[in-house]
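Hi there,

Here is the structure I promised to pass on.

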Amino acid sequence: MDISITLNGGPKTPNSWSEKTLEEQLTDKLGRQVTVDPIFLPASEVDTKINLLMSAKNTRPNILWTGDTKEYSKWVQAGIIQDLTPSLQKYGKEIIDYYSKDTLFYHWDSSGKLYQIPGDVAEAGTMTTIIRKDWLDKLGLQVPKTLDEFVQVLRAFTNDDPDGNGKKDTYGLSGDYYFRSLAPFFYAYGVDPDAFIKQDDGSIKYGATMPQVKTVLQQIAQLYGEGVIDPRMASAANITNEKVDEIYASGKVGAFYRWVAYFNPSGNAAINFKQNNPGGEYMAIDPVAGPDGFKSDIPSAPRGWCYLVVTDAGSADEAVQVLNVIASPEVNSLLRFGKEGEHYTMDNGVYNRKVTPDEANKLGLDNFSWVITRKDASNLSNTPEVTKLFEYKEKTSQPMRDKIAVFKATNRPQWDKYSTDIQKARDETFWGIITGKLGIDAFDKFVDQYQKLGGKAVDEEANALYSAQEEEYAKYDEWYEENIIPYK
């Protein structure tokens, strides 16, 4: 069996240890000699390269990795990619067992066929409220359970010298320029300014225009004016993970809304924090409840940001067999982390790499990342405790998962046409209110401006798409029960 596959992750090392190891695993598990031919995609102009590969049968790979592309529908119409349902039923148990029903829906075709296999799909909940436990203990404060209690804690972290240096040099909350960093406030009111939200009447509405947002902005502006919120959050330059990691490691901030992975002791954020603050300790807490008792963490989108298709250049059965082996927990871990004892050790559940980054690149570790990337216990970089926290965040993010409308359609002409201007106006208005440059009445002006910037067309498109999507899901539900459940 000779299988060609495009790859866009990892160091893109040809003839690597990982490539040869995969061939050995496939040969052993499939009982026949298997040769893998990786085609490394360029760092830039990826779509151009993919389109060239797909333009002729003799250049098409057996398995194509790609992100969202408008070419996909053309491939379906041209019949150059294959329905994988029969092959998954025969050879894809690891794949269909791993991916959730909702995730597969976003890759399912309304014709009743499955042309896509998800590649890299985020954990159901990847973020959490992080708070300084040692500061709580020092100031005699309880873990906050409500938004009001959270605000009291943030004020204490700012004003009551929690680091004991006699200076007023700490902040209650910090993060990046994105509104996700302010999720404890927005989500306590059941709104997300970056999402479309289901309404009680069955319609959906752009979250940034909901009246609850005005209340939230007013509260955040009050705290910003008091110096409780780190002013670096309001800078458009503060958008990189590296910048926030530096702030986190400084030990001068009491709370963040940030990644669950921060609790991996082998991660840079955790290592740098401990080096600077030996006695410091962060903890993850449940989302805080708003005035009506609602609380939630941020849910991740259930669809994969990338996927794989099998072209007409070879057998779908063979391609799925290869992908199913890659999807198995032991092979998935092997390709990403190498061999235990040789390339890494596990010390009390903590992953420790034995090879340098340069050595890892030469080995080709992560060459096959984004090809069915498991986010469960196979991800050895997560401690067992962090894996459990990820699983728990699936539950704590469910309330907003029930509220947020996630669109299956990637073709949204009205949103594509107007969203840049809408988001620019939103950001200027909201950060203007938060920093005190604009009064709270600017929110009402933004809502009016939203309509003038194309909001009416955006809302009409969004409601039509989501209504059609709900009807499609009902058909998918029947298909899934018939075509997937019996084979799990």
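Predicted model: local features only at pLDDT ≥ 70, side-chain atom pairs only at ≥ 80, totals over all residues.

Residues are numbered from 1 along each chain as its sequence is written, and side-chain values use heavy atoms, with hydrogens and water left out. Helices (H or I, at least four residues) and strands (E, at least two) are DSSP runs, numbered from the N terminus.

Aromatic pairs

Rings of Phe, Tyr and Trp (its six-membered ring) pair if their centres lie within 6.5 Å; planes under 30 degrees apart count as stacked, over 60 as edge-to-face and the rest as tilted. By this rule there are 36 aromatic pairs. One of them is edge-to-face: the rings of Phe 196 and Phe 407 have centres 5.6 Å apart and planes at 80°. Phe 196 is buried at 4% relative accessibility, and Phe 407 is buried at 8% (buried means under 20% relative accessible area, exposed over 50%, partly exposed in between, with a 1.4 Å probe and protein chains only).

Back to the two tyrosines: Tyr 473 and Tyr 476 form a tilted pair, 5.4 Å centre to centre with 55° between the planes. Tyr 473 is partly exposed at 24%, whereas Tyr 476 is buried at 0%.

Charges over rings

A charge sits over a ring if NZ of Lys or CZ of Arg is within 6 Å of the ring centre and within 35 degrees of the ring normal. The charged end of Lys 403 does this above Phe 294, 5.2 Å from the ring centre. Lys 408 lies over the face of Phe 105, at 4.5 Å from the ring centre.

Strands S8, S7 and S14 form an open, antiparallel sheet in the order S8-S7-S14 (two strands pair if DSSP finds at least two bridges between them). S8 (204–206) and S14 stand at the edges with a single partner strand each, so one side of each has no neighbour in the sheet. S7 and S14 pair over two bridges, and Ile 197 stands opposite Ile 404 in S14.

The axes of H13 (residues 316–327) and H14 (residues 329–337) come within 5 Å and cross at roughly 75° (axes are lines fitted to C-alpha atoms, for helices over the stretch in contact, and angles run from 0 to 180 degrees between N-to-C directions). That makes H13 roughly perpendicular to H14 (the range for this is 65 to 115 degrees; under 35 is roughly parallel, over 145 roughly antiparallel and the rest oblique). Val 325, Ile 326 and Ala 327 in H13 meet Pro 329, Val 331, Asn 332 and Leu 335 in H14, where contact means heavy atoms within 4.5 Å.

Positive phi

Asn 348 has a phi near 55° and is exposed at 81%. Trp 370 has a phi near 75° and is partly exposed at 27%.

Best wishes
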